[in-house]
Amino acid sequence: MAIAFLNDDFVPLEEARISPMDRGFLFGDGIYEVIPSYGGKLIGLNLHLTRLENGLNEIKIDIPWNRAALTAIFKKLMDQNGNGNLGIYLQITRGVTMKRNHAFPATTTPTLFAYTFDIPAPVTGDPDKVTHWKVTTRRDLRWQRCHIKSTSLLGNVLHMMEGVNDGGGEVLMFDANDQLTEAAACNVFVVHGNEVKTPPLDQHKLAGVTRDMALQILRARSSLKVTETQITRDEVLHADEVWLSSSTKELEPVVSIDGRAVGDGQPGPIWSQAQSLFDLHRFDHFE
Ligand SMILES: Cc1ncc(COP(=O)(O)O)c(C=O)c1O
């Protein structure tokens, strides 16, 4: 039986209930995280908790749970759900008010909901054991605060559905100046020769934990040139390799964009090197 955590209790997932007057339900007024774990070991925990705190500060939700309390909840949740390959979904909303009003209420008690879901076994850098992504492109039509990991995800949901309807399941998105932002639920890396690039962080992209870990690992462990720089649509379309990154995927190769092969249409050697390094170092300590 799947076990979830809601406010103060561990409960069977199917019995977890919140009020329809919760501002998370009414307004998408909340922050979420997805933290991967393998065999009961959390990956990138500090980076996830820092991003959570940044998001909560930005939208002014105070929570009574400190890092130790949250970590204890995650550990117990993993235990109760079998300690396999699990993603931990955590959502904190501003809580319940009996009047629907856009403005924040003076006081509310935040709602904390967490549950686990199965994720695939870690990818090793073997091209035969990884998804080969065939993606399409779109103008990024989301809001101007994509750096906040908000539960208001309709912009991302609509872009993801474009990817699903195109047959590939993800889209690469570009701003009005044809600069790469990210994908509907991933960050994006682009390889030209020996250089691995990803767009710099700003309010048009989520600060992905996997992106951060990959940058740290590649800078410390490889001789590749690693840069955070604007990347034009033309540079993406003529790249040797393109990768998606997210907590549940780590690094996964894109093999075609809008029906045109990326490189030779197979996962590239730099991807394989990068994901092999990620496989060796995912449990290192990251700050
Ligand atoms: C829009 C968006 N960008 C990037 C990411 C990757 O973030 P992370 O590596 O922290 O999972 C996600 C993950 O959900 C996302 O939704």
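1. Starting with the interface: domain 1 and domain 2 bury about 1,500 Å² between them, with carbon and sulfur atoms giving 63% of that. Buried area here is the accessible area (1.4 Å probe) that two parts lose on being put together, summed over both. On the domain 1 side, Y32, L47 and R51 lose the most area to domain 2, together 42% of what that side buries.

2. A word on what we're looking at. This is a predicted model, where local features need pLDDT of at least 70 and side-chain atom pairs count only at pLDDT 80 or more, while totals for chains, interfaces and linings use all residues. Numbering runs from 1 along each chain as its sequence is written, and side-chain values use heavy atoms, with hydrogens and water left out.

3. Now the layout. Domain 1 covers 3-118 and domain 2 covers 127-281; the bounds come from an automatic or database domain assignment. Taken over C-alpha atoms, the two domain centres are 27 Å apart. Contacts (heavy atoms within 4.5 Å) involve 20 residues of domain 1 and 16 residues of domain 2.

4. How many salt bridges cross the interface of domain 1 and domain 2? The rule finds 0 there, although the structure holds 17 salt bridges. The rule asks for a side-chain nitrogen of Lys or Arg within 4 Å of a carboxyl oxygen of Asp or Glu.

5. E33 sits in strand β3 (residues 30-38) and R51 in helix α2 (residues 45-58), so the pair ties together parts that are 18 residues apart in sequence. Helices (H or I, at least four residues) and strands (E, at least two) are DSSP runs, numbered from the N terminus. E33 and R51 are buried; the cut-offs are under 20% relative accessible area for buried, over 50% for exposed, and partly exposed in between (1.4 Å probe, protein chains only).

6. Next, E228 and R211, whose side chains meet in a salt bridge at 2.9 Å, N to O. With E228 in strand β12 (residues 225-228) and R211 in helix α5 (residues 209-221), this pair ties together parts 17 residues apart in sequence. E228 is partly exposed, at a relative accessible area of 36%, whereas R211 is buried at 4%.

7. Then there's R282 with E250, a salt bridge whose closest N and O atoms are 2.8 Å apart. The pair links distant parts of the chain, 32 residues apart: R282 is in the segment after α7 (269-281), and E250 is in strand β14 (residues 250-257). R282 and E250 are both buried. Elsewhere, R23, D29 and R94 are linked in a salt-bridge network.

8. On the surface, L154, V157, L158, M161 and V164 form a nonpolar patch with about 460 Å² of accessible area together. Patch members have over 30% relative accessible area and no salt bridge; like charges are joined within 9 Å, nonpolar side chains (Val, Leu, Ile, Met, Phe, Trp, Tyr) within 5 Å. Areas come from the Shrake-Rupley method with a 1.4 Å probe; for residues, only the protein chains shown count as cover. L154 belongs to helix α4 (residues 154-166) and counts as exposed at 58% relative accessibility.

9. Last, D128, in the loop between β6 (111-118) and β7 (133-139). D128 counts as exposed because its relative accessibility is 71%. Its C-alpha atom is 9.9 Å from that of Q266, 138 residues apart along the chain.
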